[in-house]
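Here is a short walk through one protein chain. Keep the structure in view as you read.

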Amino acid sequence: MILSVNNIDKSFNEVPVLNNVSFHIEDYEKAAIVGINGAGKTTLLRIIMGELAADNGTVTVSHDKSIGYLSQHEAVSGENTIYDELLSVKQDIIDLERKMRSVEMQMKSASEDTLKGLMDTYSALTHSFESSNGYAYKSELTGVLKGLGFTESEFTRTVSTLSGGQKTRVALGKLLLLKPDLIILDEPTNHLDMSSITWLETYLKSYKGAVMIVSHDRFFLDRIATKIIELDNTKATVFAGSYSDYAVKKEALRAAQYNAYMKQQQDIKHQEEVIEKLKSFNREKSIRRAESREKMLSKIEVIDKPVDVRADMHLKLEPKFASGNDVLRVEDLSKSFGSLTLFGHLGFELKKGEHVAIIGDNGTGKTTILKIINELLAPDEGEIRIGTNVQIGYYDQEHHVLHMDKTLFEEISDDYPTLTNTEIRNTLAAFLFTGEDVFKQIKSLSGGERGRVSLAKLMLSEANFLILDEPTNHLDILSKEILEDALNAYTGTVLYVSHDRYFINKTASRILDLNRKTLTSYLGNYDYYLEKKDEQLALIDTNANTQSTSYVDLSSQPVGTKQDWQAQKEQQALQRKKENELKKCEERIEQLETRNEEIDTLMASPEVCTDVAKLQELNKEKEKNDAELAVLYEKWEQLSE
């Protein structure tokens with residue numbers, strides 16, 4: 001065992017954040033800490049690292065084990081180059097190498113009396129050098145830098161000239177090269193693109209030590225974690241397995257807790273009714289029995305109602321009116337900034353109802369495409385055509401659509417002046433802003449809070465074409481799930497940029513990969529993209545050597561790929577057909593049942609009940625309806641399955 005956390009309590013201003021939290025981390029174990037924003041995850045990490053004192057409890061680290069910690073906002077500083085900053089981690093190996101060179105020089109001119117001692121020293125130094133991976137430390141360092149997204153041309157950049165995100169990546173690289181027995185990472189993927197996150201996944205999975213991660217990246221957690229430590233309502237619960245295993249178990253546990261609560265509430269209500277009835281008899285025996293039941297009721301350990309945090313935030317996205325079938329057409333789009341060409345001659349189309357994700361590494365131009373479509377940037381070349389009756393709703397990751405000096409109330413009321421004060425307050429309450437919160441200025445909000453305000457405005461827009469730039473940034477896992485459900489139920493068209501692979505898997509029906517200044521279309525979710533991307537990139541390379549191309553569609557690819565695409569299209573068409581049949585079936589059942597109710601009413605009416613001919617006619621019609629209903633019920637069951 002490397003780490004033992006026992007009965008940790010922590011409160012701030014008498015508000016408990018952690019209560020009796022206990023767990024342990026074994027050698028080579030890969031664990032994740034999950035919970036909503038404010039659950040105490042970072043607080044717990046700071047207590048483990050001794051940066052914050054617990055009110056009660058102990059943290060024990062095995063005496064021969066080392067821990068490396070990267071906080072959420074940790075960064076490096078100074079005038080070192082990126083390469084030299086990481087090289088400083090290997091100072092012990094550099095010193096060993098320097099001693100080896102020194103002994104080699106001494107051995108050249110040593111007498112026989114001193115040579116044996118020097119050779120023994122050199123042998124010991126060489127052994128230590130090899131044990132420390134001395135012959136490969138430079139290539140290891142280069143591999144980590146490239147894995148974290150730095151190109152060789154950037155190795156010589158001075159740390160002080162880097163952005164905050166780049167400095168955090170350098171700090172992460174230093175920690176990985178230190179190779180402690182336990183690596184603790186707080187939101188390590190925040191400043192990484194998809195390629196770097198994939199590299200980090202592979203690195204941590206094969207890491208010869210233990211790893212503990214706090215992250216909202218569910219795909220990342222699913223690939224690495226074999227144990228989930230959940231912080232919920234100040235308590236810690238440990239689940240064995242991956243994040244997906246945890247999600248299933250958590251849902252089952254929540255359902256069981258809710259059922260137990262509801263059953264107990266029913267029992268309590270029943271007992272209270274019996275007690276009330278016994279008292280109403282107003283007899284000595286009945287009153288004594290009522291008092292006896294009251295005593296028993298007072299001794300019951302009441303189950304707290306499970307807090308369903310997902311029920312607190314309400315997001316419903318629905319278009320005010322439908323768009324035409326052709327929503328967006330992008331033709332021959334090019335954009336450069338100075339000497340940097342992001343992309344050239346891009347083209348793609350969006351049809352009504354499609355949910356499309358644009359993915360790609362940082363700096364490839366994904367957000368730029370969205371800004372050009374929204375007319376926030378002008379293209380160098382190309383044309384954007386918006387379809388008939390298309391109304392755009394835009395979610396900006398930097399929240400430029402929000403006005404920093406306005407209050408939350410003003411932000412909504414100014415953009416939607418027809419809403420009443422009550423409607424504005426109800427809307428904000430649906431996104432967890434209540435009471436005096438509505439008079440806070442936007443600039444005083446956290447990133448997650450600003451994200452919720454932007455989502456509220458998006459919901460109010462009733463747009464039929466949503467353009468979203470990194471919509472899950474700063475959202476906790478439960479808020480992401482709420483957004484996923486809302487998008488999956490949304491009948492309009494969606495185009496978004498995201499690095500959240502779990503979110504993409506849940507919400508995208510098509511992926512546009514912006515890679516090597518080319519867009520490649522994949523008809524499927526992120527798992528399908530992973531399956532097909534290598535062969536498509538190889539095809540792009542082949543095309544690049546023979547002709548210019550800036551859009552690849554899998555429907556025009558080699559036979560195997562085309563067949564996969566065609567099979568998916570046929571499957572989707574079959575599914576739509578079944579859904580339409582189910583809808584028609586339900587509508588017909590409703591018509592017949594309504595008519596049967598009308599017939600029953602007519603047959604009981606004074607005018608009809610004495611008219612034998614009319615009664616026979618109505619009865620015959622009802623029998624015919626019942627026969628048709630019997631067939632429809634059976635058909636409905638089959639279609640529902």
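Two strands count as paired if DSSP finds at least two bridges between them. Strand E3 (residues 30-34) and strand E8 (residues 227-232) meet that mark, with 4 bridges in the parallel sense. Within this pair, Ile-33 has Ile-229 of E8 as its bridge partner. Keep in mind that this is a predicted model.

Now widen the view to the sheet. Its 6 strands run in the order E5-E6-E7-E3-E8-E9. The sheet is open, and its pairing is mixed. Strand E5 (67-70) and strand E9 (235-240) stand at the edges. Each has a single partner strand, so one side of each lacks a neighbour in the sheet. On average, neighbouring strands here are turned by 15° against each other, direction ignored.

Move on to Tyr-395, in strand E14 (residues 392-395). Is this residue buried or exposed? Tyr-395 is buried, because its relative accessible area is 1%, and buried means under 20%. Beyond its neighbours within four places in sequence, its contacts include Gly-451, Ser-454, Leu-455 and Leu-458. Ile-467, Leu-468 and Pro-471 are also among them.

Next comes helix H12 (residues 408-415). Leu-408, Phe-409, Glu-411, Ile-412 and Ser-413 are buried there. What covers these buried residues? The cover includes helix H13 (421-430) and helix H14 (447-461).

How far can the model be trusted? The average pLDDT is 87, and 92% of the residues score at least 70. Over residues 555-562, the pLDDT is below 50. This stretch still has 10 contacts in the model beyond near neighbours in sequence. Where pLDDT is low, predicted coordinates should not be read in detail.

Definitions and conventions. Residues numbered from 1 in each chain as written. Predicted model: local features only at pLDDT ≥ 70, side-chain atom pairs only at ≥ 80, totals over all residues. Heavy atoms only, no water. Buried < 20%, exposed > 50% of the residue type's maximum accessible area, 1.4 Å probe, protein only. Helix = DSSP H or I, 4+ residues; strand = E, 2+ residues; numbered from the N terminus. Contact = heavy atoms within 4.5 Å. pLDDT = per-residue confidence, 0-100. Axes fitted to C-alpha atoms, helices over the stretch in contact; angles between N-to-C directions.
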